[in-house]
Amino acid sequence: MGNINIDALIEAASKKLGIPPEQLRKSLNSGNISDITSRMSKSDRDKINSVMNNPELMEKMRRKYTGNNNQR
């Protein structure tokens, strides 16, 4: 997988969620995603929460989507 354009990803997610891109970026940077998940279906919230509560999966995703395969 090539480099991911984070700005394009945030733009697409903001449209899907109905959240301004700046607010979405601020929420993601702060780690407070409650305003994001509050706009999702229960099924989607459950999926996000299961990922967020799994450090191994979070690390795998971080490596995949940042292109950084170094261990922390």
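Read along the sequence, the chain runs α-α-α-α-α, with 5 helices and 0 strands, where helices (H or I, at least four residues) and strands (E, at least two) are DSSP runs numbered from the N terminus. The model is predicted, so that local features need pLDDT of at least 70 and side-chain atom pairs count only at pLDDT 80 or more, while totals for chains, interfaces and linings use all residues. Residues are numbered from 1 along each chain as its sequence is written, and side-chain values use heavy atoms, with hydrogens and water left out.

Of the 72 residues in the chain, 18% are buried, buried meaning under 20% relative accessible area, exposed over 50%, and partly exposed in between (1.4 Å probe, protein chains only). I10, L17, I19, L24, I33, I36 and M40 form the largest nonpolar core, of 7 residues in all; such a core is a set of buried Ala, Val, Leu, Ile, Met, Phe, Trp, Tyr and Cys residues joined through side-chain atoms within 4.5 Å.

Contact means heavy atoms within 4.5 Å. With neighbours within four places in sequence left aside, I36 is in contact with L17, I19, L24, S27 and L28, and V51, which lies in helix α4, is in contact with L57, M58 and M61. E22, found in helix α2, counts as exposed because its relative accessibility is 60%. Two C-alpha to C-alpha distances are set out below.

| Pair | Separation in sequence | C-alpha to C-alpha distance |
|---|---|---|
| V51 and M61 | 10 residues | 9.4 Å |
| E22 and E11 | 11 residues | 9.2 Å |

The largest pocket has a volume of about 1,100 Å³. On a 1 Å grid over the protein atoms alone, a pocket is an open set of points where a 1.4 Å probe fits, with protein on both sides within 12 Å along at least five of seven lines, and lining residues have an atom within 4 Å of a point; points are joined across faces, edges and corners, and the volume is the space filled by probe spheres set on them. The lining of the largest pocket comprises 26 residues, of which L9, L28, M52, M58 and M61 lie nearest its centre. Helices α1 (6-17), α2 (21-30), α3 (34-37), α4 (42-52) and α5 (55-66) each supply at least two residues of this lining, and α1 gives the most, with 6 residues.
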